[in-house]
Protein chains: 2
Amino acid sequence: MTHPERPVRAVVLLSGGLDSATALAIARSERRECHALSLRYGQRHEIELAAASNLARALGASQHLILDLPLDRWGGSALTGDFEVPKDRASEELGSGIPITYVPARNTVFLALALAWSETLGAEEIWIGVNALDYSGYPDCRPEFIRAFEEVARLGTKAGVEGNVRLSIRAPLQFLTKAEIIRKGIALGVDYSLTRSCYDPPTPDLHCGRCDSCLLRKKGFAEAGVEDPTRYAAP
Amino acid sequence: MTHPERPVRAVVLLSGGLDSATALAIARSERRECHALSLRYGQRHEIELAAASNLARALGASQHLILDLPLDRWGGSALTGDFEVPKDRASEELGSGIPITYVPARNTVFLALALAWSETLGAEEIWIGVNALDYSGYPDCRPEFIRAFEEVARLGTKAGVEGNVRLSIRAPLQFLTKAEIIRKGIALGVDYSLTRSCYDPPTPDLHCGRCDSCLLRKKGFAEAGVEDPTRYAAP
């Protein structure tokens, strides 16, 4: 069913980081009606949720929902406080192997929740800022994973079965480098000073500058030739 | 990786109902080390969670975890209190179409969480009591959905990518009628008086006897030729 009377409705997974902010900006540039979803899952960098709220507002999301999901009940990741966040890894290490900041099945869980909300809203799209190039080596950021999830969405929902909504998963950053993502966002007016990437922020206002996520962020701004608005504790 | 020194480890989705109790009993009969997972998702029949705890204990689960997941934040189902639970539907209606007790993408969300926990535990299996015959017409109970999710599990986890654990989704009730499920459970010693199926229990001790789930339950015991231990408000 298409709805000529209303814009395409989308659930956008919004972490508060650089990638998902850019994905939201792209969705808005395509005139999507955006329903932003963030998860409070016991992440040690919970400060990213305040960033997500600011970004949802700045980028014109229709609403922003923060859902509590206590993944720290079982842990299993440096991001939920079970191990130390690695620091100062060499750039060749960043893309090789799956680091301990990987949260077990996180994107599967997040997409499943986005799917549940999409179905309730009658949304046609789920947007996710995964990225298969300058990323941390997480399995659930790969294109083949996204395609497999799309099949689950089709088979496991009322909307998919009855065929009135063909839900698609939009992952517009999938094949972009971090520098390309940043350039795209800048062109769309994203204020990256509102975003938070750090896995282990020393204070609410600072990025550590040393975790994998900070290292990729720094490198991205440098390669994009764009001034990095981030305040890092370690330069 | 096989672990000759320990039993196969399984996460078992346990709602407190008849089907998942039977699935747990089958898993135990196959000597699985069972980690039972229940979700408090805003269901109006939250009483099923007490039943799940009793069943986990009675059937020898190694542990039982109840996770809070506020799906009622968006609603969209009679089970989360957004509509009335239908009563007294004719048996030919029960299998046709998707009823309003369908919770958007519920099994996708539950399997995703089971997957996250499995990966943390290093479990080899996820067990789910879905059933494609005497069921309520939910899309996310169908075999093709379960197979699609298995692919997501393989592609979206560290365990799947590194190939050290081949996670499988076990759905042993998939092709059984309700009567066959009950006979199987009785043979394995399941005390069905501990289970709760009702979508809209009038009191903690009673089943309404009129919702789709109660109707399927009654019919199952009748067809199995087994005395129904359930206390129904409406006979």
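In which sense do strand E1 and strand E4 of chain B pair, and over how many bridges? In this predicted model, strand E1 (residues 9-13) of chain B and strand E4 (residues 125-127) of chain B pair in the parallel sense, and 3 bridges link them.

In chain A, 5 strands form an open sheet in the order E3-E2-E1-E4-E5, and the pairing is parallel. Strand E3 (63-68) and strand E5 (168-170) of chain A are the edge strands, each pairing on one side only, and the twist from one strand to the next averages 25°. Strand E1 (residues 9-13) of chain A runs parallel to strand E4 (residues 125-127) of chain A, to which 3 bridges join it; in E4(A), A:Glu125 is the bridge partner of A:Ala10.

Helix H4 (residues 106-121) of chain A packs on the sheet, where it touches E1, E2, E3 and E4 of chain A, and its direction makes about 155° with that of E1(A). Helix H2 (residues 48-58) of chain A lies across strand E2 (33-40) and E3 of chain A, running at about 175° to E2(A).

## Two crossing helices in chain B

The axes of helix H7 (residues 178-187) and helix H8 (residues 212-224) of chain B come within 8 Å and cross at roughly 65°, which makes H7(B) roughly perpendicular to H8(B). The crossing of H7(B) and H8(B) is right-handed.

On the H7(B) side, the residues that meet H8(B) are B:Lys178, B:Ala179, B:Ile181, B:Ile182 and B:Arg183. Their counterparts in H8(B) are B:Leu216, B:Lys219, B:Gly220, B:Phe221, B:Glu223 and B:Ala224. Sorted by class, this contact of H7(B) with H8(B) has 6 nonpolar, 1 polar and 4 charged residues.

## Where the chains meet

The contact between the chains takes 39 residues from chain B and 39 residues from chain A. On the side of chain B that touches chain A, the elements that give two or more residues are strand E3 (63-68), helix H4 (106-121), helix H5 (143-155) and helix H6 (158-162) of chain B. H4(B) gives the most to this side, with 10 residues. The residues of this side of chain B divide into 23 nonpolar, 8 polar and 8 charged.

How are the two copies related? Chain B is superposed on chain A by a rotation of 180° with 0.0 Å of shift along its axis, at an RMSD of 0.0 Å, and the two copies are therefore related as by a two-fold rotation axis. The same surface serves both copies, as 100% of the contact residues of chain B recur in chain A.

Technical notes:
Residues are numbered from 1 along each chain as its sequence is written. Chains are lettered from A and ligands numbered from 1 in the order in which they are written. This is a predicted model: local features need pLDDT of at least 70, side-chain atom pairs count only at pLDDT 80 or more; totals for chains, interfaces and linings use all residues. Two residues are in contact if their C-beta atoms, placed from the backbone, lie within 7 Å. Helices (H or I, at least four residues) and strands (E, at least two) are DSSP runs, numbered from the N terminus. Ala, Val, Leu, Ile, Met, Phe, Trp, Tyr, Cys and Pro count as nonpolar, Asp, Glu, Lys and Arg as charged, and the others, Gly among them, as polar. Copies are superposed by least squares on the C-alpha atoms of residues with pLDDT of at least 70 in both. Axes are lines fitted to C-alpha atoms, for helices over the stretch in contact, and angles run from 0 to 180 degrees between N-to-C directions. Angles under 35 degrees count as roughly parallel, over 145 as roughly antiparallel, 65 to 115 as roughly perpendicular and the rest as oblique. A crossing is left-handed if the near helix is turned anticlockwise from the far one by less than a right angle, and right-handed if clockwise. Two strands pair if DSSP finds at least two bridges between them.
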